[in-house]
Amino acid sequence: EGADAEQVIRSLACKGFDIIFTTSFGFMDGSEIVADEFPDVDIVHISGFKSNGENFGNLMGAMEDMKYLAGMLAGSRATMDGNTKLGYIPTFPIAEEFRLGNAFALGAQETCPECTIDVRWIFTWHDPILEQEASKSLFDSGVQVVMTGADTPAPAEAAPEGKWGITYDYSGNCNIDACLTSMYWNWGPEYARIVEASRNGEYAGGADYFDADSGSMGLLGFMEGEELQPGVAELPEEDLQLIRDTLEQMLAGEFTRFDIFKGPITDNQGTEILAEGEVMTQEDLESIDAMYWWNENFTAELPELE
């Protein structure tokens, strides 16, 4: 990140690449700088919030869809195990991590109204050691299922016998029995769409946000051709069907992020975030001011913002 990323992005632009995808939040500023220097090169930053309306834009998807389903799954597993404590490992205190954590919490409420959620911040996107330590800390505190916002299979690897992890980003992160599922990306369809626009001289860098009906994200075990993990296959059929039905609606574009963040929603301080029937806007979902809250089933305090 920082100067190193900027140097690599500039090197790619100098070598004549026509379009560059920069795939971590920390690459945002470097992407912006190089895009200004090379107006004929399209630069697409994954996540983030900056764009110039010309050759620099940001791309992100509603992973809150899959996190919501994972919350349903975690709540069902915790209820079956008789331990209603869940854990969440977020990376940095940005809108994305509050949005995804709260979506997980709202999903958990559907299958486990009594579930509570504790938090361990790690301030990195990828550090296997820190993720392991955070996972162990949550399990040691009595948590039954840990879900991560980072990139390694740490929650599943650290899970003691009889406890569970939920991984993120990559389906290959979930290849041991202690892993319930992974919420994963399939960026190909979106990349192909943007590359085609760039080839045709039609790319205009802005904020690009896609939902589950794009085909660019999944929940391991529930997508076509996939098998349920052992710790999921034995869950109550009623809960599994709820997840399947909700996923089917998402893939059909009939249930979106705006259905997840729809009132009534109350935070863990008793403050009403959304009244009955009220819905968050896209601007709200991407704003730290609007997303700086924990759903009512969180036991953790909010971190201080810089």
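Where is the place of F123?

## Backbone exceptions in the loops

In this predicted model, the place of F123 is in the loop between β5 (116-119) and α5 (128-140). Most residues other than glycine have a negative phi, and most peptide bonds are trans. F123 is not a glycine, yet its phi is positive, about 55°, and with a relative accessibility of 48% this residue counts as partly exposed.

S47 also has a positive phi, of about 70°, although it is not a glycine. S47 lies in the loop between β2 and β3, and because its relative accessibility is 7%, which is under the 20% cut-off, S47 counts as buried. A further feature of the backbone is the cis peptide bond that joins G263 and P264, with an omega of about 10°; P264 has its place in the loop between α10 (257-260) and β11 (265-266).

## Helix α1

Helix α1 spans residues 3-14, and its 12 residues reach 16 Å from the first C-alpha to the last, close to the 16 Å expected at 1.5 Å a residue. Within α1, the residues A5, E6, I9 and A13 are buried. Viewed down the axis of α1, these buried residues fall within an arc of 100°, so they line one face of the helix. An α-helix has 3.6 residues a turn, so residues three or four places apart point the same way.

The buried residues of α1 pack against β1 (19-22), α2 (28-37) and β2 (42-46), whereas A3, D4, Q7, V8 and C14, on the other side of α1, are exposed. After α1 comes G16, whose phi is positive, near 100°.

## Helix α7

Helix α7 covers residues 188-199; it has 12 residues and reaches 16 Å from its first C-alpha to its last, close to the 16 Å expected at 1.5 Å a residue. Its buried residues are E190, I194, A197 and S198. They cover an arc of only 100° around the axis, which puts them on the same side of α7.

The packing partners of the buried residues of α7 are the strands β1, β2, β3 and β9. Just after α7, G201 takes a positive phi, of about 70°.

## The largest pocket

The largest pocket holds about 350 Å³ of space. Its lining is made up of 15 residues, of which T23, S24, I46, D151 and D169 lie nearest the centre of the pocket. Divided by class, the residues of this lining comprise 8 nonpolar, 4 polar and 3 charged.

## The second largest pocket

The second largest pocket has a volume of about 280 Å³. It is lined by 16 residues, and those closest to its centre are F25, G48, F49, A95 and E286. By class, this lining has 8 nonpolar, 5 polar and 3 charged residues.

Which element gives the most to the lining of the second largest pocket? Helix α4 does, with 3 residues, while β3 (56-61), α4 (95-111) and β9 (207-210) each supply at least two residues of that lining. Two of these elements, β3 and β9, are also among the strands against which the buried residues of α7 pack.

Key: Residues numbered from 1 in each chain as written. Predicted model: local features only at pLDDT ≥ 70, side-chain atom pairs only at ≥ 80, totals over all residues. Heavy atoms only, no water. 1 Å grid on protein atoms, 1.4 Å probe; cavity = no way out; pocket = protein on both sides within 12 Å on 5 of 7 lines; lining within 4 Å. Points joined across faces, edges and corners; volume = space filled by probe spheres on them. Nonpolar A, V, L, I, M, F, W, Y, C, P; charged D, E, K, R; others polar. Helix = DSSP H or I, 4+ residues; strand = E, 2+ residues; numbered from the N terminus. Expected span 1.5 Å × (residues − 1). Buried < 20%, exposed > 50% of the residue type's maximum accessible area, 1.4 Å probe, protein only. Arc of directions from axis to C-beta. Contact = heavy atoms within 4.5 Å.
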